[in-house]
Amino acid sequence: MAQTKVKITTDSASDLNGLFASADIEKFPLYVTLGDEHYFDDVDIDPTMIFDYYEKTGKLPKTAARSTNDFYDFFKSFTDQGFEVVHIAISSQISGTYEYAMAAAKELSNVYVVDGRSLSSGTGLLALAAADLRNEGKDAKTIAETLERRKSFVQASFMVNTLEFLYKGGRCSGLSAFFGKTLSIKPTLQLIDGKISVDRKYLGRFDKNILKYVDYTLQKYDTPDMTRVFITHTHADSAVVASVRERLVNFGFKDENIIETIAGSTITSHCGKSTLGILYINDGEKA
C-alpha cells in the first residue's frame, strides 16, 4: 500500500521564516491593513513597513483572518492532489482563523485542524513537530491527535520593550492597570489557555532585564523538549539576541537547535519593535 501523502499547513503568524520552505510547511497568509491598503502577511508586507506607517501616522495596522472560502480553496488545492492536510491555527482565543479553517475543513475530507492555543513560533513549534511526524510516515489523523496532546505544553512568552502597540491594540488584558505609570516598565507576556496575559513586570532597560526573563522562564518551565527552541523577536538588537542565545546554550540547548526568527507583520502589528521571546515545548526530560 502506498504511503499516505500528508501536507502540513499553518498560518503565516507562525513566524517560521525560511523554515516554511525548508521543512515543507505550507504558509497561509493572514491580512494586514495599513490605512486603506490591504496586504498578505509575509508576502507583500514586512515589519519595516509597519514601523514606518506608525511613525508617520501614529496609527496601528489592523490584522484580520481570512474567510472560510479562502481556507476551503487553500485546503482543496492539496486534497485535490491526494494529500491529507493537518492545519495548525493560531489560538482561537486571539483570532478567528481556527473557526474559519474548521468550517472549511467540514466541507472536505481528510483535513484536520488543530487549535494551536498559541501564536508566533509557539504555533510554529507545533507545525515543525507535525512535519517531524509526517517525515516518520505518520498519517494526518495520528499527527493531529499527537499535536492535541502536546499543545498544552507549548511555552510561549515574550518580553515587550514598548507598550504602545499592545495597549492601543487592546489585545492584552492587564496592561491598562499600569500603562502610563512609567514607560520604563517591561512586561513579559505569557500564553495561558490560549490567551495573552501579563506575567511579570520588570523595571528598567530592556537589555538589562531580558536575561532575567530568560532565567525565570527556564526555571519555571524546566523540562523542555531539547529538539528545538526559538528566539523570536521583532527586530531586537543583535547583541541582545546573542546574549539570549548564550544563556540557552548554558542551560543545555545545542547551538544548532536554537532557531532565531523575525516575527512577521501580524505579530509585529500587536507587539511593536524589539519584543523578544523564547519558545519551546515543555514536555521533555528535566534538564
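Predicted model: local features only at pLDDT ≥ 70, side-chain atom pairs only at ≥ 80, totals over all residues.
Local features were considered at pLDDT of at least 70 and side-chain atom pairs only at pLDDT 80 or more, whereas totals for chains, interfaces and linings use all residues. Residues are numbered from 1 along each chain as its sequence is written, and side-chain values rest on heavy atoms, with hydrogens and water left out.

The structure holds 1 cavity of 30 Å³ or more, and the space in this largest cavity is about 30 Å³. A cavity is a set of points, on a 1 Å grid over the protein atoms alone, where a 1.4 Å probe fits but cannot get out; grid points are joined across faces, edges and corners, and a volume is the space filled by probe spheres set on them. The lining (residues with an atom within 4 Å of a point) is formed by Ser12, Asp15, Leu16, Asn17, Phe20, Asp41, Asp42 and Gly264. It divides into 2 nonpolar, 3 polar and 3 charged residues, where Ala, Val, Leu, Ile, Met, Phe, Trp, Tyr, Cys and Pro count as nonpolar, Asp, Glu, Lys and Arg as charged, and the others, Gly among them, as polar.

Asp42, one of these lining residues, lies in the loop between strand S4 (37-40) and helix H2 (47-57). Helices (H or I, at least four residues) and strands (E, at least two) are DSSP runs numbered from the N terminus. Asp42 has a positive phi near 65° and is partly exposed, because its relative accessibility is 33% (buried, under 20%; exposed, over 50%; partly exposed, in between; 1.4 Å probe, protein chains only). For Asn110, in the loop between helix H4 (97-105) and strand S7 (111-115), phi is likewise positive, near 65°.

The second largest pocket has a volume of about 240 Å³; a pocket is an open set with protein on both sides within 12 Å along at least five of seven lines. Of its 15 lining residues, Lys151, Ser152, Val154, Leu191 and Asp193 are the closest to its centre. Strands S8 (154-159) and S9 (185-192) each supply at least two residues of this lining, and S9 gives the largest share, 3 residues. By class, the lining comprises 5 nonpolar, 7 polar and 3 charged residues.

Strand S9 also holds Gln190, which is buried, with a relative accessible area of 5%. Its side chain is joined to that of Gln155 by a polar contact of 3.4 Å (a pair of N or O atoms within 3.5 Å; within protein, one must be able to donate a hydrogen and the other to accept it, and residues adjacent in sequence count only if both atoms are side-chain atoms). Beyond neighbours within four places in sequence, Gln190 is in contact (heavy atoms within 4.5 Å) with residues including Ala156, Ser157, Ile196 and Tyr221.
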